[in-house]
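Please have the sequence and the model open while I talk. I will go through one chain, then the other, then the place where they meet.

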Amino acid sequence: MSNNFYLKTTIKANTEYLTLINKLTVDICNLLGFNEEDAKNISLAVDEAVTNTIKHAYKMDSEKEIDIEYFTKKDELTIEISHTGIPISPDKLIFPDMKEYLEKYKKGGLGIMLMIKFMDSVEYGSENGKHFCKLTKKIN
Amino acid sequence: MELEIQKEKEGNVTIMNIKGAINAHTVNEFEKALEQCLENREYKLLINCKDLDYISSAGLGALMGVIENIKTNGGDIKLCNTSNSVYRVFDILGFTELFQIFDSLEEGLKAFGENE
């Protein structure tokens, strides 16, 4: 099943889809042979990427749409979350110093940290008028 | 329901039983429950994660939003019964330095000085 898997879904930019997308991602990961822990970690990374898109790219405009594509290439799963809203700016990609973060009870900015910790690569870019976040994880 | 929160008291500890997912969609409900504890001056919180499917950074933000107030008032937030994946979210970001996590409800209560 891991060879040439492809699935695309489009959702409205509404957080009410998050749990559904989480469950879908876990099921896809299970199907592709990821263990339970990796499946949950990957689905959380997708949740964070979709949440960032809803909040920052579309400013909570639930009429907008987000494409989520799952595909395998060789022994890797890639999940591409794309939109036509505001692209992420490099200054949003600052990783907090966790020691200071916890000492000063800070908030926010952890989504991208989780994505980076749980995925092998996290890539942002733009192509053909669309902006994307590409999450990749090697299939065991 | 995507998130259900039930509260119960055990001595001076408020146990918050969480069922479902805490993400950007459900976090308002979680924040409301935490704020309600502050209003009621319930500063010793034990969050029972037995039925928590997953927690995203939105949920961690909600905890960070109240922990200073709770600690200032001599209380604490502890967690118990986390799944491996929920534990890993806390651990990988270093949140286990700030929030103690116990394997069982009994151990969590004991850490608050209850159930001894």
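In chain A there is an open sheet of 5 strands, in the order β1-β2-β3-β5-β4, with antiparallel pairing. This is a predicted model, where local features need pLDDT of at least 70 and side-chain atom pairs count only at pLDDT 80 or more, while totals for chains, interfaces and linings use all residues. Residues are numbered from 1 along each chain as its sequence is written, and chains are lettered from A and ligands numbered from 1 in the order in which they are written.

Some terms. Helices (H or I, at least four residues) and strands (E, at least two) are DSSP runs, numbered from the N terminus. Two strands pair if DSSP finds at least two bridges between them.

The edge strands of the chain A sheet are β1 (6-12) and β4 (121-127), each pairing on one side only. From one strand to the next, the twist averages 20 degrees.

Strand β2 (residues 65-73) of chain A runs antiparallel to strand β3 (residues 76-83) of chain A, and 7 bridges join them. Which residue stands opposite T72(A) in β3(A)? That is L77(A).

Helix α1 (residues 18-32) of chain A packs on the sheet and touches β1, β2 and β3 of chain A. Its direction makes about 10 degrees with that of β2(A); axes are lines fitted to C-alpha atoms, for helices over the stretch in contact, and angles run from 0 to 180 degrees between N-to-C directions.

Now chain B. Strand β3 (residues 44-55) of chain B has 10 of its 12 residues buried, meaning that 20 or more other C-beta atoms, placed from the backbone, lie within 10 Å of the residue's own.

β3(B) pairs in the parallel sense with strand β2 (residues 13-22) of chain B, over 8 bridges. In that pairing, T14(B) has L45(B) as its bridge partner. Between β2(B) and β3(B) the chain passes through helix α1 (residues 27-39) of chain B, a right-handed β-α-β crossover. Right-handed here means that, with the strands pointing away from the viewer, the path from the first strand over the helix to the second runs clockwise.

β3(B) also runs parallel to strand β4 (residues 76-80) of chain B, with 5 bridges; N48(B) has C80(B) as its bridge partner there. β3(B), α2(B) and β4(B) form a right-handed β-α-β unit.

Last, the contact between the chains. How many residues does the contact take from each chain? It takes 23 from chain B and 23 from chain A, with two residues in contact if their C-beta atoms, placed from the backbone, lie within 7 Å. On the chain B side, α2(B) gives the largest share, 8 residues.
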